[in-house]
Amino acid sequence: MTVSAVSSATTATTTTSSSSASSSSSLTSSDFLSLLVSELQNQDPLNATSTTDFINQLTSYANFTQQQSINSNMSSLASSFSSLVTLNSVNYIGHTVEAKTDTSTLSNGSASFGYSLSSAASDVSISISDSSGNVVYTGTGTGNSGSNSFTWDGKDSGGNQLSDGGQYTISVTATDSAGNSVLNYTTVTGTVTGIDTSTSTPSLTVNGVAVSAANILGVTS
């Protein structure tokens, strides 16, 4: 379609609308409809918009409005889902859970970890690091296929008892007879003492460490 005559007032309005759209970087359904009406008002009478073009534009408007509705409903659904996850997370408080993570807090002179192997390992090496990344302990572990547990007595490699309250991270290297890694993941077991909803995905506080609710493997008590 060719627009051959547009009044100065219409031009000013169009310019203002364009500037406004650029500054907001968004287009509402009212804006979309206004543009369509303006097109009909300013079209060349000798070269009017064809019926097919007009129907296509109306279809585009309908699709635009529907997309806005879908986006609004999706946002509402996401908000409801987040609230549901938070509500379910509250049920974990006070229970002992096993979760996929590698960090725990030293309490009463010990920290319990676990790890899962896809098959039996011929060599399992374990190291414990403090919150600064310094390795404080190295040792070996069991290599059974499936779940394995490891309880650290809170002593460093020199036999010195470390103070309670510090957060420590376990690192497990497990290989089979051919030297292939068979480690699936590491875990911790502890009591859930609270939840954190400051982020979009609520997390549980397990042994003083934030753990995603999605990483909970099971409730042991």
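What follows is a walk through the fold, its sheets and cores, and a few local details.

The model is a predicted one, so local features are reported only at pLDDT of at least 70 and side-chain atom pairs only at pLDDT 80 or more, while totals for chains, interfaces and linings use all residues. Residues are numbered from 1 along each chain as its sequence is written, and side-chain values use heavy atoms, with hydrogens and water left out.

The chain holds three helices and 11 strands, taken as DSSP runs numbered from the N terminus (helices are H or I, at least four residues; strands are E, at least two). In sequence order the pattern reads α-α-α-β-β-β-β-β-β-β-β-β-β-β. Of the 221 residues, 27% are buried; buried here means under 20% relative accessible area, exposed over 50%, and partly exposed in between, using a 1.4 Å probe and protein chains only. Among contacts between residues at least 6 apart in sequence, 69% join residues at least 24 apart, with contact meaning heavy atoms within 4.5 Å.

Strand pairing comes next. Two strands count as paired if DSSP finds at least two bridges between them. Serine 125 has threonine 173 of strand 7 as its bridge partner.

Strand 1 has partners of its own. It pairs with strand 8 (residues 183–196) in the antiparallel sense over five bridges, and three bridges join strand 1 to strand 11 (residues 216–219), again antiparallel. Alanine 99 takes part in both pairings: it stands opposite valine 188 in strand 8, and its bridge partner in strand 11 is isoleucine 216. Threonine 96 also belongs to strand 1, which covers residues 96–100. This threonine 96 is buried, at 17% relative accessible area. Leaving aside neighbours within four places in sequence, threonine 96 is in contact with Thr189, Gly190, Thr191, Gly218, Val219, Thr220 and Ser221.

What about the interior? In soluble globular proteins, nonpolar side chains tend to be buried together. A nonpolar core is defined here as a set of buried Ala, Val, Leu, Ile, Met, Phe, Trp, Tyr and Cys residues joined through side-chain atoms within 4.5 Å. The largest such core has 20 residues, and Ile126, Ile128, Phe150 and Trp152 have the most contacts inside it. Strand 3, strand 4, strand 5, strand 6 and strand 7 each supply at least two residues of this core. Isoleucine 126, not counting residues up to four places away in sequence, touches Tyr115, Tyr137, Thr138, Gly139, Thr140, Gly141, Phe150, Ile170, Ser171 and Val172. Another core lies apart from the largest one. It has seven residues, among them Val97, Ala99, Val192 and Val211.

The structure holds two aromatic pairs. One of them is edge-to-face, between tryptophan 152 and tyrosine 168, at 4.9 Å centre to centre and 65° between the planes. For such pairs, the ring centres of Phe, Tyr and Trp (its six-membered ring) must lie within 6.5 Å; planes under 30 degrees apart count as stacked, over 60 as edge-to-face and the rest as tilted. The pair links distant parts of the chain, with tryptophan 152 in strand 6 (residues 146–152) and tyrosine 168 in strand 7 (residues 167–175), 16 residues apart. Tryptophan 152 is buried at 1% relative accessible area, and tyrosine 168 is buried too, at 9%. Elsewhere, the charged end of lysine 100 sits over the ring of tyrosine 185, 4.6 Å from its centre (NZ of Lys or CZ of Arg has to be within 6 Å of the ring centre and within 35 degrees of the ring normal).

Most residues other than glycine have a negative phi. Asparagine 108, however, has a positive phi near 55°; it lies in the loop between strand 2 (103–105) and strand 3 (111–117) and is exposed, at 72% relative accessibility. Asparagine 207 also has a positive phi near 55°, and it sits in the loop between strand 9 (203–206) and strand 10 (209–212). Asparagine 207 is partly exposed, with a relative accessible area of 22%.
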